[in-house]
Amino acid sequence: MDRTNRLLHSFAALADLGQELSETRDFEELARASLYIILGTLAIRRGALGIYDPETKRLRFVATRGIQLKLSEEELDATVHDALVAAASTGLWLSSEAVPPVRAAFGSPFELLMPLVVRRELIGLLLVGEKANQEPINQDDREIIAAMVRHVAVGIHNHHLMAEVKERAMENRRLYDDLRALYHDTVRAFAVAIDCKDAYTRGHSERVGFYAAAVARALGLSEDEIEGIRVAGYLHDIGKLIVDREVMNSKLRFSACDVPELRQHTIAGYEILARIRHPYADLPLLARYHHERLDGSGYPEGLCAHEIPLGAKIIALADAFDAMTTTRPYRPQLSFEEVLGELARGTGTQFDPGVVRAFAQVLLREAEEVQSSTERHPLFGLLDPSYVRLERNLPLIEGLLARAERALAAAG
């Protein structure tokens, strides 16, 4: 093969090697493919590729060809390490150029050693033996191998960098998940503290968070938005921490308009939450506006329809649903039929029709699942098993859905 053909062949091999390095994700496959391409380019019969670990100062052979014996790990002392880094651009003839410690470590059965070095950092090394035709490796061969080894060194170095980035990303993800779990545990602890002030509403805030998240999911919101609304459900009543316990547990039925202190709990909740950095930016507003009504008769600001954030509309329905399905100091628990009737009557005035439709869809989906399975499902699972009688309530749920759809159509 003349020099021109050899150069063309070498460039083609470099191109193959570059493609292999860019496409291969498995490290062992990358090392093996790199070794085979280099040896195949010059018809070299045997070779080995080792990777250096700077932490342990050991060289581990990850790919070999044409060698019967298994190469053991080598610990590189400072003399060998420095000699390899110094020979990065040219390599070393093991018989004549290598310092004795290098020759002792790698001299048999190989002829040429090519260090893999990137920015004076030892990545590994390539060992090559004789050609298949018994011709000696000459200077031209050496330069071709040096060029290809530089590609391999960069490819392995990049692979290490990507592995480190991936590991750091996984560690950051674990830290994020831990912090998120801690945040949620803290939020739920606040929810318990809020509900403990009212003997009749134990578990109310957590249930509101659950119902609100189910509605948000049915509306097709993103996972972050769903999670934010769930947390808002947990904390929507945090302002009640300032309300007198006797007022909250009074057996007299009254509206927030009758008791200014109750009316203020939404504003107090906003002020408490606005001082805290949350992952969910709208959280304080959802606490402030969860008692607003579409017809403008709510509080604290009397907002109408589009002025009320969607999350607050969702919390309002979830809050009302849990209030009606539990016993309160001023009235017993409503029947499920009565609850559905109240939701239908409030659609378009108190409750957003789109939110009611999504909630009805959640109820219908769970009703269908309950009928086909003996398992208790998440939403109905929060209610007493005898509370919801599907054979009687299913038409009412379908009626609620139809009422919401009519209201949406009327609103244009």
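How many of the 412 residues of the protein chain count as buried? The figure is 47%, with buried meaning under 20% relative accessible area, exposed over 50% and partly exposed in between, using a 1.4 Å probe and protein chains only.

Before the details, some ground rules. This is a predicted model, in which local features need pLDDT of at least 70 and side-chain atom pairs count only at pLDDT 80 or more, while totals for chains, interfaces and linings use all residues. Residues are numbered from 1 along each chain as its sequence is written, and side-chain values use heavy atoms, with hydrogens and water left out.

On confidence: pLDDT is the predictor's confidence in each residue, from 0 to 100. The protein chain averages 83, and 85% of the residues score at least 70. Confidence is highest in helix α12, residues 310–324, at 96, and lowest in α8, at a mean of 56. Where pLDDT is low, the predicted coordinates should not be read in detail.

Now the overall make-up. The chain has 16 helices and six strands; these are DSSP runs numbered from the N terminus, helices being H or I of at least four residues and strands E of at least two. Take contacts, meaning heavy atoms within 4.5 Å. Among those between residues at least 6 apart in sequence, 60% join residues at least 24 apart.

Next, the sheet. The six strands form an open sheet in the order β3-β2-β1-β6-β5-β4, with antiparallel pairing; two strands pair if DSSP finds at least two bridges between them. β3 (74–75) and β4 (92–93) stand at the edges with a single partner strand each, so one side of each has no neighbour in the sheet.

What about strand β1, residues 47–53? Six of its seven residues are buried, so the strand is largely enclosed by the rest of the structure. Seven bridges join β1 to β2, residues 58–65, and five join β1 to β6, residues 121–128. Asp 53 stands opposite Arg 58 in β2, and Ala 48 stands opposite Leu 127 in β6. β1 and β2 make a hairpin with four residues between them, and Lys 57 in the turn has a positive phi of about 60°. On the β3 side, Arg 58 has Glu 75 as its bridge partner.

Helix α2, residues 27–41, lies across β1, β2 and β6, at about 60° to β2; axes are lines fitted to C-alpha atoms, for helices over the stretch in contact, and angles run from 0 to 180 degrees between N-to-C directions. In helix α3, residues 78–86, the buried residues are Val 80, Ala 83, Leu 84 and Val 85. The buried residues of α3 pack against β4, α4, β5 and β6.

Where does Asp 237 lie? It is in the loop between α7 (223–235) and α8 (245–248). Asp 237 counts as buried because its relative accessibility is 4%. The side chain of Asp 237 makes polar contacts with the side chains of His 236, at 3.1 Å, and His 265, at 3.4 Å. A polar contact is a pair of N or O atoms within 3.5 Å; within protein, one must be able to donate a hydrogen and the other to accept it, and residues adjacent in sequence count only if both atoms are side-chain atoms. Leaving out residues up to four places away in sequence, Asp 237 touches Ile 194, His 204, His 265 and His 290.
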